[in-house]
Amino acid sequence: MATGTIRYWAAAKEAAGVPEEGAAADTLADLLAGIGRNAALERVLRRSSFLVDGAPAGTRDPAAITLPEGFVVEVLPPFAGG
């Protein structure tokens with residue numbers, strides 16, 4: 001199991017209550033299942049995009065995205081803009 005960091009931005013940071021935290025998981029799906037136990041954060045996760053070590057996860061199946069040791073996953077909720 002790889003260990004790394006999750007960084008939360010905007011609404012995700014508010015729902016998580018922290019800007020970042022350590023985590024351990026084999027895949028992005030495993031990671032999301034673990035942090036999705038927080039109901040407020042889970043609602044944000046459903047609308048969010050994810051970067052894994054700077055690369056967009058896009059529409060790929062999170063179960064197919066293997067996390068390397070020392071990973072950094074960034075949770076990017078939709079941002080309002082003008």
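At 13% relative accessibility, Thr27 counts as buried, where buried denotes under 20% relative accessible area, exposed over 50% and partly exposed the range in between (1.4 Å probe, protein chains only). Thr27 lies in the loop between S2 and H2; helices (H or I, at least four residues) and strands (E, at least two) are DSSP runs, numbered from the N terminus. With residues up to four places away in sequence left out, Thr27 touches Pro62, Ala63, Ile65, Thr66 and Leu67, a contact being defined by heavy atoms within 4.5 Å. The model is a predicted one, in which local features need pLDDT of at least 70 and side-chain atom pairs count only at pLDDT 80 or more, whereas totals for chains, interfaces and linings use all residues. Residues are numbered from 1 along each chain as its sequence is written, and side-chain values use heavy atoms, with hydrogens and water left out.

The overall architecture was examined next. Three helices and five strands make up the secondary structure elements of the protein chain, and their order from the N terminus is β-α-β-α-α-β-β-β. The radius of gyration of the protein chain is 12 Å, close to the 12 Å given by the globule rule for 82 residues, so the chain is as compact as a globular protein of that length. This radius is taken over C-alpha atoms, and the rule is 2.2 Å times the number of residues to the power 0.38. Along the principal axes, the C-alpha atoms of the protein chain fill a box of roughly 35 × 25 × 20 Å.

Of the 82 residues in the protein chain, 37% are buried. Among contacts of the protein chain with a separation of 6 or more, 62% are between residues 24 or more positions apart. The protein chain exposes about 4,700 Å², and carbon and sulfur atoms supply 54% of this area; accessible areas come from the Shrake-Rupley method with a 1.4 Å probe, and for residues only the protein chains shown count as cover. The protein chain carries 7 positive and 10 negative charges, whose mean positions are 8 Å apart. In this count Lys and Arg are positive and Asp and Glu negative, while His and the chain ends are not counted; each charge is placed at NZ of Lys, CZ of Arg, CG of Asp or CD of Glu.

Helix H2 spans residues 28-35, and its buried residues are Leu28, Leu31, Leu32 and Ile35. Viewed down the axis of H2, these buried residues fall within an arc of 95 degrees, so they line one face of the helix. The arc is that of the directions from the helix axis to the C-beta atoms. The packing partners of the buried H2 residues are strand S1 (2-8), strand S2 (20-25), helix H3 (39-45), strand S3 (49-52) and strand S5 (71-76).

Ala23 belongs to strand S2 and is buried at 17% relative accessibility. Apart from residues up to four places away in sequence, Ala23 touches Ala2, Thr3, Gly4, Ile6, Leu31 and Phe71. Ala23 and Phe71 are 48 residues apart in sequence, with a C-alpha to C-alpha distance of 9.2 Å. Phe50, in strand S3, is buried at 12% relative accessibility. Under the same exclusion of residues up to four places away in sequence, Phe50 touches Leu28, Leu32, Leu45, Ala55, Pro56, Ala57, Glu74 and Val75. Phe50 and Asn38, by contrast, are 12 residues apart in sequence and 18 Å apart in space, C-alpha to C-alpha.

Pro56 is found in strand S4 (residues 55-56) and is exposed, with a relative accessible area of 57%. Pro56 touches Phe50 and Leu51 when residues up to four places away in sequence are not counted. Between the C-alpha atoms of Pro56 and Gly17, 39 residues apart along the chain, the separation is 24 Å.

Backbone torsions were considered last. Most residues other than glycine have a negative phi. Ala10, which is not a glycine, has a positive phi of about 50 degrees. Ala10 is located in the loop between S1 and helix H1 (11-16) and counts as partly exposed at 42% relative accessibility. Asp53 likewise has a positive phi, near 50 degrees, in a residue other than glycine. The loop between S3 and S4 contains Asp53, which is partly exposed with a relative accessible area of 44%.
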